[in-house]
Amino acid sequence: MTGSYSGSATRPTTSAWRSRIADSAEVPPSQLVPNPANWRRHPDVQRDAMSGALDEVGWVQHVVDNRQTGHVLDGHLRVDLATTRGEASVPVVYVDFTDYD
């Protein structure tokens with residue numbers, strides 16, 4: 001099936017979705033601060049798989065960092081692997097969320 005998605009429920013459109021994307025850049029992984037609330041811990045097999053994918057394919061997704069808090073929201077493992085490997089930079093997209101969001 002091709003074309004646009006047409007879900008079963010129809011909702012009136014009130015306004016366009018706002019973009020929370022503030023910026024993007026290539027930054028040294030040492031400048032990125034892990035989110036202290038991140039509860040995920042990656043087992044060795046997952047770390048090895050991600051490392052292998054990055055070795056073979058390279059970066060295909062940005063690390064997501066919150067401008068308001070200065071913490072990584074998504075990509076903790078990729079940042080950790082880049083730091084361990086001594087990568088000069090990682091691709092980052094900055095978003096703008098408050099603690100309330």
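Close-up 1. The model shown is predicted. Strand β2 covers residues 63-66 and strand β3 covers residues 72-74. The two strands run antiparallel and are joined by two bridges. Five residues lie between β2 and β3 in this hairpin, where Gly70 adopts a positive phi near 80 degrees.

**Close-up 2. Strand β2 is also joined to strand β4, residues 90-95.** Here the strands run parallel, with four bridges between them.

**Close-up 3. Strand β2 is covered on both faces.** In a regular strand, side chains alternate between the two faces of the sheet. One side of β2 carries Val63 and Asp65, and the other carries Val64 and Asn66. These four residues are all buried.

**Close-up 4. Helix α1 packs against helix α2 at an angle of about 70 degrees.** Helix α1 spans residues 44-56, helix α2 spans residues 76-85, and their axes are 10 Å apart. Because angles of 65 to 115 degrees count as roughly perpendicular, α1 is roughly perpendicular to α2.

**Close-up 5. Residues of α1 and α2 meet in the contact of the two helices.** From α1 come Gln46, Arg47, Met50, Ser51, Leu54 and Asp55. Their counterparts in α2 are Leu77, Arg78, Asp80, Leu81 and Arg85. By type, the residues of this contact comprise five charged, four nonpolar and two polar.

Notes: Residues numbered from 1 in each chain as written. Heavy atoms only, no water. Axes fitted to C-alpha atoms, helices over the stretch in contact; angles between N-to-C directions. Parallel < 35°, antiparallel > 145°, perpendicular 65-115°, else oblique. Contact = heavy atoms within 4.5 Å. Nonpolar A, V, L, I, M, F, W, Y, C, P; charged D, E, K, R; others polar. Buried < 20%, exposed > 50% of the residue type's maximum accessible area, 1.4 Å probe, protein only. Pairing = 2+ DSSP bridges.
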